[in-house]
Amino acid sequence: MAEPASSDNLPALEFERLIACHECDLLLRKPLTSAGEKVECPRCGYELYTHRSQVVRRSLALVITALLLYLPANFLPIMQLNLLGQVTEDTVWSGVLGLYSSGMQSIAVVVFLCSMAVPLLKLLCQFAVLLSIRLDIGRSYGLLLYRIYHHMREWGMLEVYLMGILVAIVKLVDLADLSIGLGLFCFIALLLVQIWLEVTMSPHQIWEALSGEDKHACD
Amino acid sequence: MRAIDAGLLICHECHQLNPHKPDEEKQFCVRCGGHLHARRPNSLARTWALLISAALLYIPANLLPIMTVNSLGKGQSDTIMSGVIELVNYGMLPIAAVVFIASILVPTFKLVGIALLLYSVQRHQPMSARQRVLMYRFIEWIGRWSMLDIFVIAILVAVVNFGSLASIVPGYGATAFASVVVLTMLAALTFDPRLIWDNTKSDDDHE
């Protein structure tokens, strides 16, 4: 548990030994964490630190898996619809194209960003950051890319898209002959790997590894 | 004690503490190079601006059709609410509930919630800091789920494409709705949660 720093003992502590809660600005003494420990802000409950072992190695494995799943998840058919002998297919990409060609370019761009571009860019940023830590090259680019990654985090919406697929399936299932495609399974796998990756890659450890403070990140 | 009182600035991006140098006009984080501010500049004004734009677009988003189903020469336009009612009429209650929550309850709750949060931070009323922080986290977390209807439209437009037999065309309500979702997400991002705790007496009584 992190302890709040009070004004009487503050002069004795240099700021390197302090941290502040990002959400409420409460000043705390930097806690010593060991693997598997979590530190929360005593005032607002925000999760400050999660310490995990072998962060870089495990995250690299997950990020490569996610990148391999990316193409089949987005370009293999999620579902096929058969209406009186006519068959249509749906992929994530064809959804974007369909909106674009029906004159709704602005929504097509939003859907493209939230369901394809941002998730891919996030994965590429994470991959580059992890490689830069692992191989010890280009740390300054790593820092920049990791900052960009944090700005994109909110805007990747794979889990919402999956819910959208489910709603669409329920709406269509009575109207025509519907069959599920391989793309849906790849999409679900991509989503799960991506969530797992986000849980594994604890930000404060990555920041410390990028700035060279954490020597054990690659263990 | 807050970091700002100790003359320390926390980086928005990497959460590194930096000593505040008041004589420098612009200060950058020693670790990641991000721009440092004690609080996000004009956080309240910007959040209000985004929120009001979202509230204005909320009207066409609910009144204009989000999609039109063409089937054998007949066209039927759906607004967000009529889509939900149709699902209820088909007896698909769980899905109707999901769509109702994601497309109607959540955006309305977000507009009201952010306005309440801004009002209570500016007036130091009528919620406690803890209630406000719970509200903020809930709004931040739930915002993305309103995109659900937009994704459903994208999928339906792509898959229901049988020429004159049956097809689905998106409507301008969808554009307005997508803008509401994006604007309210931006409003939640612009709001600085640390303002919730400033000017509260609960500064040290966090037990």
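Start with the two domains of chain B: the count of salt bridges between domain 1 and domain 2 is 0, a salt bridge being a side-chain nitrogen of Lys or Arg within 4 Å of a carboxyl oxygen of Asp or Glu. Before you go further, note that this is a predicted model, where local features need pLDDT of at least 70, side-chain atom pairs count only at pLDDT 80 or more, and totals for chains, interfaces and linings use all residues. Residues are numbered from 1 along each chain as its sequence is written, chains are lettered from A and ligands numbered from 1 in the order in which they are written, and side-chain values use heavy atoms, with hydrogens and water left out.

To see the two domains, color 1-38 of chain B as domain 1 and 41-201 as domain 2; such bounds come from an automatic or database domain assignment. Their centres, taken over C-alpha atoms, are 34 Å apart. The contact takes 5 residues from domain 1 of chain B and 4 residues from domain 2 of chain B, where contact means heavy atoms within 4.5 Å.

How much area is buried between domain 1 and domain 2 of chain B? About 350 Å², with carbon and sulfur atoms giving 44% of that; buried area is the accessible area (1.4 Å probe) that two parts lose on being put together, summed over both.

Next, bring up both chains. Select the 67 residues of chain B that are in contact with 64 residues of chain A. The two chains bury about 6000 Å² between them, 70% of it on carbon and sulfur atoms.

Which residue of chain A forms a salt bridge with B:Arg39? Zoom in on A:Asp25, where the closest N and O atoms are 2.9 Å apart. The count between chain B and chain A is 4 salt bridges, and there are 15 residue pairs in polar contact (both at pLDDT 80 or more). Several elements of chain B each supply at least two residues of the side touching chain A, among them helix 3 (93-123), helix 5 (148-159) and helix 6 (172-190). Helix 5 of chain B gives the most, with 11 residues. By class, that side of chain B has 45 nonpolar, 11 polar and 11 charged residues.

Switch to cartoon for chain B: there are 7 helices and 5 strands, which are DSSP runs numbered from the N terminus (helices H or I, at least four residues; strands E, at least two). From the N terminus on, they run β-β-α-β-β-α-α-α-α-β-α-α. The radius of gyration of chain B is 22 Å, well over the 17 Å that the globule rule gives for 207 residues, so chain B is more spread out than a compact globule. The radius is taken over C-alpha atoms, and the rule is 2.2 Å times the number of residues to the power 0.38.

Last stop, chain A: color 10-50 as domain 1 and 55-208 as domain 2. The chain has 7 helices and 7 strands.

Terms used. Polar contact = N/O pair within 3.5 Å; in protein donor to acceptor, adjacent residues only side chain to side chain. Nonpolar A, V, L, I, M, F, W, Y, C, P; charged D, E, K, R; others polar.
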